[in-house]
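Student: I am new to this structure and would like a close look at one part of it. Please start there and then show me what lies around it.

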Amino acid sequence: MDLSKVQNIIEKCVNEEGYSLYSFDAKKQGKDLVLSVVVDRVESISMNDIVALTDKLNAVLDENDPIEESYMLDLSSLGAEKPLKVNELSSYVGKYIHLHLINPIDGENIYEGTLSECLDDSLILSYRIKTREKKITVLFSNIKKVRLAIKF
């Protein structure tokens, strides 16, 4: 089995459907071959989206038949709290995010709030302290980790 051929087929299909291929792996689990595919896109990915993409991928793999042995396709997304890349944050303006800072601002190194704006070297985050809304500017160089967050 040519894994690069399988990955290329999967990646082409995933891209045509408006997703990007985050990771691909093929491993034996016991007697079974499992193709693990993780996809991403800026818009949220629902369970219905995963089912539809799985059906499409299965059809494309069956049509191209790049794998001689039987296999299971395991397709997933990065999830509701997916990690983000600092250089892609402008695509997430208006989204609720979790920031972990390298150097604290006002004594805090963890903030959750709405990404209000992305500038050349920083972002503006709107967050709440009790009933008051506040804004902070955070330099990209001060971000240790950033991910989407779920607002409760």
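Student: Is lysine 82 buried or exposed?

Tutor: Keep in mind that this model is predicted. Lysine 82 is buried: its relative accessible area is 4%.

Start with its place in the chain. Lysine 82 sits in the loop between E3 and strand E4 (96-105). Now follow the side chain. It reaches the backbone oxygen of arginine 41, at 2.6 Å. Next, look at who touches lysine 82. Neighbours within four places in sequence are left aside here. The contacts are then Asp40, Arg41, Val42, Tyr92, Arg147 and Leu148.

E2 belongs to an open sheet of three strands, in the order E1-E2-E3 and with mixed pairing. E1 and E3 stand at the edges with a single partner strand each, so one side of each has no neighbour in the sheet. On average, neighbouring strands here are turned by 20° against each other, direction ignored. E1 and E2 run antiparallel and are joined by nine bridges. Take lysine 28 as an example: its bridge partner in E2 is leucine 33.

Two helices come next. H1 lies across E1 and E2, and runs at about 140° to E1. H2 also packs on the sheet, where it touches E2 and E3. The direction of H2 makes about 145° with that of E3.

What do these elements share? The largest nonpolar core has 21 residues. Ile10, Phe24, Leu35, Val37 and Val39 touch the most other members. Nonpolar side chains tend to be buried together in soluble globular proteins. Zoom in on leucine 35. Again leave aside neighbours within four places in sequence. Leucine 35 is then in contact with Val6, Phe24, Asp25, Ala26, Leu61, Ile67, Tyr71, Met72, Leu73 and Asp74.

There is also a second, separate core, with 17 residues. Leu89, Leu101, Leu125 and Ile136 are among them.

Asparagine 142 is in the loop between strand E7 (132-139) and strand E8 (143-148). It counts as buried, at 11% relative accessibility. A polar atom of its side chain lies 2.6 Å from the backbone nitrogen of asparagine 103.

Last, look at the rings. The count comes to one aromatic pair. Tyrosine 111 and tyrosine 127 form it, edge-to-face, with 5.1 Å centre to centre and 70° between the planes. Tyrosine 111 lies in strand E5 (residues 108-118) and tyrosine 127 in strand E6 (residues 122-129), so the pair ties together parts 16 residues apart in sequence. Tyrosine 111 has a relative accessible area of 6%, and tyrosine 127 is at 8%.

Now return to the start.

How values were computed. Residues are numbered from 1 along each chain as its sequence is written. This is a predicted model: local features need pLDDT of at least 70, side-chain atom pairs count only at pLDDT 80 or more; totals for chains, interfaces and linings use all residues. Side-chain values use heavy atoms; hydrogens and water are left out. Rings of Phe, Tyr and Trp (its six-membered ring) pair if their centres lie within 6.5 Å; planes under 30 degrees apart count as stacked, over 60 as edge-to-face and the rest as tilted. Helices (H or I, at least four residues) and strands (E, at least two) are DSSP runs, numbered from the N terminus. Buried means under 20% relative accessible area, exposed over 50%, partly exposed in between (1.4 Å probe, protein chains only). A nonpolar core is a set of buried Ala, Val, Leu, Ile, Met, Phe, Trp, Tyr and Cys residues joined through side-chain atoms within 4.5 Å. Contact means heavy atoms within 4.5 Å. Two strands pair if DSSP finds at least two bridges between them. Axes are lines fitted to C-alpha atoms, for helices over the stretch in contact, and angles run from 0 to 180 degrees between N-to-C directions. A polar contact is a pair of N or O atoms within 3.5 Å; within protein, one must be able to donate a hydrogen and the other to accept it, and residues adjacent in sequence count only if both atoms are side-chain atoms.
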